[in-house]
Amino acid sequence: MVPVKVLSYNIRSMRDDTDALARVIRACAPDLVLIQEAPRFFRWRKKLARLASASDLVVLTGGGTAAGPAILCNLRATVERTEDVLLPLTPGQHRRGFATAVVDIAGARLGVLSCHLSLQKDERHDQASALLDRLAGMGVDHAVAGGDLNEGPTGPAFTRVAANLQDCWAAGPQGGEHTWTRTEPHRRIDAIFATKGIEVLGCGVPVDLPGITETDLRAATDHLPVLATLGIPAP
C-alpha cells in the first residue's frame, strides 16, 4: 500500500483570507487537493496558481475550464492525463463540472475527481450518477472522488455515491465530522469517496492537526476541509 493524503476543500472562489487558506492546506501536507469553487472568471488561472504556490503545490487541472472544481498536487504525483468535464446545464442553475486526472504516486496508479454538485435535488442525483460513470470510464483499478455534495449522507445523491464507493468518513472517522457551516458546523455535506480495495486509514475535518487553528479555519472559507489518509494498492 502506498500512503496518499487527499484533501477536499470548498474555497469560495478565494474571497476570504487566502493566507489562512494556504496555511490550512500546508498544515494538511496533502498529496492531492480536490478544490471546489476555484476562481472561474477574471485572471482565474493566476489566482489558482498563486494559491498552489503558497500551499507548496502545483495546479494539476480544473478551475474555470471545469466550472469551479480543480485539482492541486505535490511533486510526488506523476501526471498521466487530465480532463475537465462540463455537465449538462439546467436552465436557471449554475453550470457544473468535474476536474479529473489519472496520476501515479510512488508506483500507485490512481484516478482522481473533484466535484461540486447542484443545489437542485434532481439535478444533483443525475450528477452523482455521472460521477460514478466518469470514474468507471477512467480505466483505473483505484480512484478517489471528493467534493461538496450540497447534501448530507441521507440524501439521495450522497447515498447513490456511497452505495458504490467507500464513504471515507464512515470507513475511518478521524477528526471532526461536520463541514458546514464553518462557524457552527452541524452538517456533513463535503466528503471523500474511494473505490473498493483502497484502505482508509483515517478521514475527517483536521481540527486537531498541528499547525491548524480554529481562527484560520474560520477565516479561510465558508466550509471546513476534509482530509483522508489512504492506502493505495501498488503492483
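Let me begin with glutamate 80 and arginine 81, whose side chains meet in a salt bridge with an N to O distance of 2.8 Å, bearing in mind throughout that this is a predicted model. Glutamate 80 counts as partly exposed, because its relative accessibility is 42%, and arginine 81, at 35%, is likewise partly exposed.

Arginine 188 forms a salt bridge with aspartate 167, with the closest N and O atoms 2.8 Å apart. Since arginine 188 sits in the loop between helix 5 and strand 10, while aspartate 167 belongs to strand 9, the pair ties together parts that are 21 residues apart in sequence. Are these two residues buried or exposed? Both arginine 188 and aspartate 167 are buried, and for arginine 188 the relative accessible area is 7%.

The side chain of arginine 188 also meets that of glutamate 177 in a salt bridge, here at 3.9 Å from N to O. Both of these residues lie in the loop between helix 5 and strand 10, so this pair ties together parts 11 residues apart in sequence. Glutamate 177, at 34% relative accessibility, counts as partly exposed.

Elsewhere, Arg12, Asp16 and Arg182 are linked in a network of salt bridges.

Arginine 43 is found in the loop between strand 2 and helix 2, and with 52% relative accessibility it counts as exposed.

Terms used. Residues are numbered from 1 along each chain as its sequence is written. This is a predicted model: local features need pLDDT of at least 70, side-chain atom pairs count only at pLDDT 80 or more; totals for chains, interfaces and linings use all residues. Side-chain values use heavy atoms; hydrogens and water are left out. Helices (H or I, at least four residues) and strands (E, at least two) are DSSP runs, numbered from the N terminus. Buried means under 20% relative accessible area, exposed over 50%, partly exposed in between (1.4 Å probe, protein chains only). A salt bridge is a side-chain nitrogen of Lys or Arg within 4 Å of a carboxyl oxygen of Asp or Glu.
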